[in-house]
Amino acid sequence: MNVSYLLPPPSQRSQKPMLEKPTSITCRYLIPALIALHALPSSAETKTFLNTSADGLWSTDANWSTGSKPGASDNAAIGSGLTATIAANAPNIDIATVGSSSSPDTTIIIGANLRTRLFRIAHFDASFGSVVQNGGQVTITESLDIASTNTFATSGLYNINGGSLSFPNCTLGTRGNAVFKVTGSDAASISGGSMTVANAGRLEFVFGATGVTPITLSGDLNLGYAAQLSVDGSNYTGGPGIITLVTSNIIDRVFPPDRVTVSGFAGLDAEIRHTKTDVQIVLTEIGKFPPAPPQLATVLPNGGELPQLGESTFSFTRDYSPSGSPWAIIWRESLVFDALMKHEEIDGGNPVPSKSWQLRIGKGGQVYSLIGDAIGETIPPQFREGGDSDEAPWVDEVWQGVYVDQAQHNPPNSKWFVHQSGAYLRDPALTRPFYSPLVASRIDPADRSYETVNWSQFPHNNQNVDNIGNNDFRPHILTFTKWRDVGGGVIECTLGYYNFGTDYITFVNMPWGGVRRTKLGHHFTIAPDGTPTRDNSNFADSVSVSASDSAGWAAFSANASGTDASLAIVHGFDPTPLPPYLVGNSDWRYGVAGTANSETGSRNYIVGNFRRRPNTPGGTGVWSRFYYAFGSSLADIEDRIEVGQLTSSAVIGPFEFGEEDTPLVGYNFTGSLGTLEYAIDPENSQIFLYSRPVSGSSPLFFIERNNGDRFLTWNPYEISLKPYNGVIQKIQLLGYAPNVADTSPHLAYQPLDSLLTGNVGSYIASGRTLAARTGWAYWAEQTPGASGIGSPLADDDEDGLNDLLEYALGANPNLQDFADHIPAVNDALTFSFTRPVDRFDVTYKVEATDDLTGDWTTVEMEPVIQDNGDGTETLRYENLELLFPESDRCFVRLAVNR
């Protein structure tokens with residue numbers, strides 16, 4: 001088999017292709033290659049739905065023209081305005097066709113499983129067809145076509161509001177009007193290979209209260225020049241954020257602005273954003289700057305799949321929803337409220353109060369209210385005996401993380417520890433509760449999770465009242481918290497922190513917390529063999545049990561025998577042997593901390609906290625996972641701990657994010673001080689920051705002062721020594737920047753101060769020389785010979801490589817070095833090319849065909865990658881003859897896209 005390298009003459013290579021939108025540029029080079037032949041499906045019997053029995057059910061044999069429901073080799077046809085309902089799992093079929101006539105009401109309603117090779121909606125000339133999926137698992141093995149086959153259909157619709165859907169390919173609107181509609185967030189997943197929205201096609205998203213299920217594609221999203229997008233937020237009750245509608249391998253163009261419709265989202269500005277891979281909607285409080293990108297709240301590792309623990313419903317809102325619980329302080333609950341997560345357990349259609357709960361998250365990321373439907377409020381009433389009983393509103397007696405630098409902690413004179421939640425009301429500068437500022441967050445309805453990032457505070461601010469900054473404790477800690485409803489009355493919490501200061505954190509509570517003694521008045525330790533022992537020792541006696549001497553959990557119960565409503569904390573164990581990020585073994589400390597003679601009495605509180613002993617100097621962080629489990633008794637909870645394997649899932653680990661594999665977020669900045677603004681721009685960004693705390697890096701904050709000036713800095717104390725005195729009006733996380741001295745020589749960096757020289761006075765270095773990654777925009781504007789951001793197809797050195805290819809292949813736009821960088825092919829049928837390792841903002845795709853007049857196929861084989869040790873890598877695609885075994889020709893090309 002002969003393979004030759006084909007390349008058009010330079011005059012053609014530098015010409016700009018026809019593009020409807022210049023936002024996505026693809027450059028390709030060709031080489032010859034092979035094609036697989038696909039067997040045609042065997043002939044199949046068509047069975048037409050007649051609804052003879054009038055029950056409308058797919059599963060009723062008498063409803064079909066042949067007297068039996070369709071099977072594996074059959075084509076199922078629904079037309080004539082009839083509705084077929086799949087209420088029970090259907091046998092596998094070959095083809096499903098909905099809409100074979102001009103009757104407008106032809107519909108399939110899917111509530112159970114269906115598997116088919118082809119799913120065709122509005123298949124024939126002038127036909128109507130619709131599918132409504134509210135449950136079940138629909139698996140399509142070849143293609144989902146909506147008004148996209150045969151002649152000219154009238155209208156086709158696929159509306160999914162529940163269940164799951166998967167397909168390798170979906171095409172809508174090539175032959176008639178077609179809508180793919182996602183309603184709410186109840187659908188478990190919508191996953192596919194590629195999707196094409198042609199000129200008569202429309203993607204439609206109707207938000208529920210918490211959001212909408214995204215479409216997840218492993219392949220490309222291909223959009224016609226008139227493709228439509230519609231987003232309805234009338235039912236949305238969540239807050240600002242960036243919500244992904246579609247994620248894919250690559251998007252070839254954007255939805256035209258005049259074909260995009262956005263409605264609803266009361267009180268929020270809504271904007272559609274396109275990245276290289278995603279279609280998103282950006283929701284911003286009216287008059288505020290944009291919310292932090294959601295990927296900044298994806299730092300914590302996923303908890304993974306747990307065994308199914310029960311049937312349930314879940315809801316989430318950031319609209320204020322009071323707990324109705326009795327509190328013992330003067331402060332309004334609305335001051336602390338950030339979000340409500342609510343779970344109702346179902347058994348046989350009936351609610352199960354012992355496993356149902358409401359969890360209210362405070363503005364500092366703490367849990368300030370945890371209600372079990374069978375128990376009531378479990379969080380203490382916040383009464384503090386001695387001094388000011390209102391000085392710690394939802395700051396101390398809550399579930400949270402606490403971090404200690406033991407070298408500086410010297411009570412009672414020098415109490416150095418950091419609260420996740422916020423600060424005590426001990427400095428006269430504080431006139432109302434102050435909670436650790438929320439700097440990023442993300443809700444994932446499909447995962448039933450909510451993740452927050454907070455700048456954690458030093459609570460004992462009475463030590464800072466002299467207004468002398470040098471003797472103040474100024475912790476630099478970010479807390480990351482992810483709450484997830486895993487079903488069966490179990491709540492998963494993953495809690496982590498990143499130390500970006502000079503303190504040395506060696507002792508943490510993960511978590512600190514406890515319960516109301518009047519509700520859950522009996523504490524139990526659990527021996528390794530599962531035997532519970534009631535122990536209501538006083539907290540002041542410093543009683544604890546090591547993790548290794550326990551079953552990995554402890555509990556509180558409403559009665560002394562543990563046979564009534566209960567709440568367990570599953571804390572797990574230490575790794576063995578202890579890894580370097582731990583310097584000591586963990587233990588569970590507990591005890592009664594008050595008299596509890598009334599519901600709102602003095603410290604109605606039994607403390608429970610799991611103490612870890614990490615080794616976390618500045619530039620490092622640790623995360624830990626634990627579980628809360630409600631149940632009707634200790635025995636009931638123990639069963640679910642074993643079924644869910646919760647003790648083995650309650651683990652700890654370090655933050656280990658590297659420069660080369662951590663996702664980036666791109667920004668552009670305009671103005672300075674009072675006019676400083678930023679925009680998230682994945683394509684032509686001024687700077688790129690890491691979305692996760694790479695080891696040794698510093699967070700970069702966008703801060704607004706009370707005089708309207710805006711700043712960029714890693715150190716908020718440069719704006720105000722007291723975060724709570726009102727000088728800092730708004731603080732938001734943008735990402736993470738490493739120190740210049742710590743950066744890899746093989747990655748493109750520039751010092752932050754040099755990248756922000758146009759934003760005069762707005763960047764405060766505060767003693768650190770930080771660096772940001774740069775990409776195409778910086779290269780195009782700063783590299784000699786390059787023609788600028790707007791000219792990716794320019795070829796000023798006339799070597800046959802335009803600027804985008806020069807950038808992608810590491811060539812020099814000021815030197816005719818085409819021969820040094822063209823892809824290569826050899827007699828062993830191997831295709832190879834070399835690229836810089838840091839070109840994160842372009843994508844490379846190898847495509848092949850055996851007929852230059854036909855379609856090109858993406859080469860899916862994994863390349864052999866060789867690290868050249870100089871900041872480049874060579875990718876080799878071997879055995880190209882396997883692509884088209886029945887042909888003696890093969891053409892290959894490299895596509896570069898941004």
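**Figure 1. Salt bridges in the predicted model.** A search of the whole structure finds 29 salt bridges, a salt bridge being a side-chain nitrogen of Lys or Arg within 4 Å of a carboxyl oxygen of Asp or Glu. This is a predicted model, in which local features need pLDDT of at least 70 and side-chain atom pairs count only at pLDDT 80 or more, while totals for chains, interfaces and linings use all residues. Residues are numbered from 1 along each chain as its sequence is written, and side-chain values use heavy atoms, with hydrogens and water left out.

**Figure 2. The salt bridge of Lys47 and Asp74.** The closest N and O atoms of Lys47 and Asp74 are 3.4 Å apart. Helices (H or I, at least four residues) and strands (E, at least two) are DSSP runs, numbered from the N terminus. Both Lys47 and Asp74 are buried; buried means under 20% relative accessible area, exposed over 50%, and partly exposed in between (1.4 Å probe, protein chains only).

Figure 3. Asp427 forms a salt bridge with Lys722, with 2.9 Å between the closest N and O atoms. This pair links distant parts of the chain, 295 residues apart: Asp427 is in the loop between β29 (422-423) and β30 (434-435), and Lys722 is in the loop between β50 (710-713) and β51 (728-737). Both Asp427 and Lys722 are buried. In the salt bridge of Arg893 with Glu847, the closest N and O atoms are 2.6 Å apart. Arg893 lies in strand β61 (residues 891-897) and Glu847 in strand β57 (residues 843-849), 46 residues apart. Arg893 and Glu847 are buried. Salt bridges that share partners also join Asp447, Lys482, Arg484, Glu492 and Arg625 into one network.

**Figure 4. Helix α2 and the residue that follows.** The buried residues of helix α2 (residues 634-644) are Leu634, Asp636, Ile637, Arg640, Ile641 and Gly644. Seen down the axis of α2, these buried residues fall within an arc of 160 degrees, so they line one face of the helix; the arc is that of the directions from the helix axis to the C-beta atoms. An α-helix has 3.6 residues a turn, so residues three or four places apart point the same way. After α2 comes Gln645, whose phi is positive, near 55 degrees. Gln645 is in the loop between α2 and α3 (646-649) and is partly exposed, with a relative accessible area of 48%.

Figure 5. Most residues other than glycine have a negative phi, and most peptide bonds are trans. Ala54, in the loop between β2 and β3, has a positive phi near 70 degrees. At 61% relative accessibility, Ala54 counts as exposed. The peptide bond from Met510 to Pro511 is cis, with omega near 10 degrees, and Pro511 is in strand β35 (residues 507-512). Another cis peptide bond joins Thr576 and Pro577, with omega about -5 degrees. Pro577 lies in the loop between β41 (566-570) and β42 (582-592).
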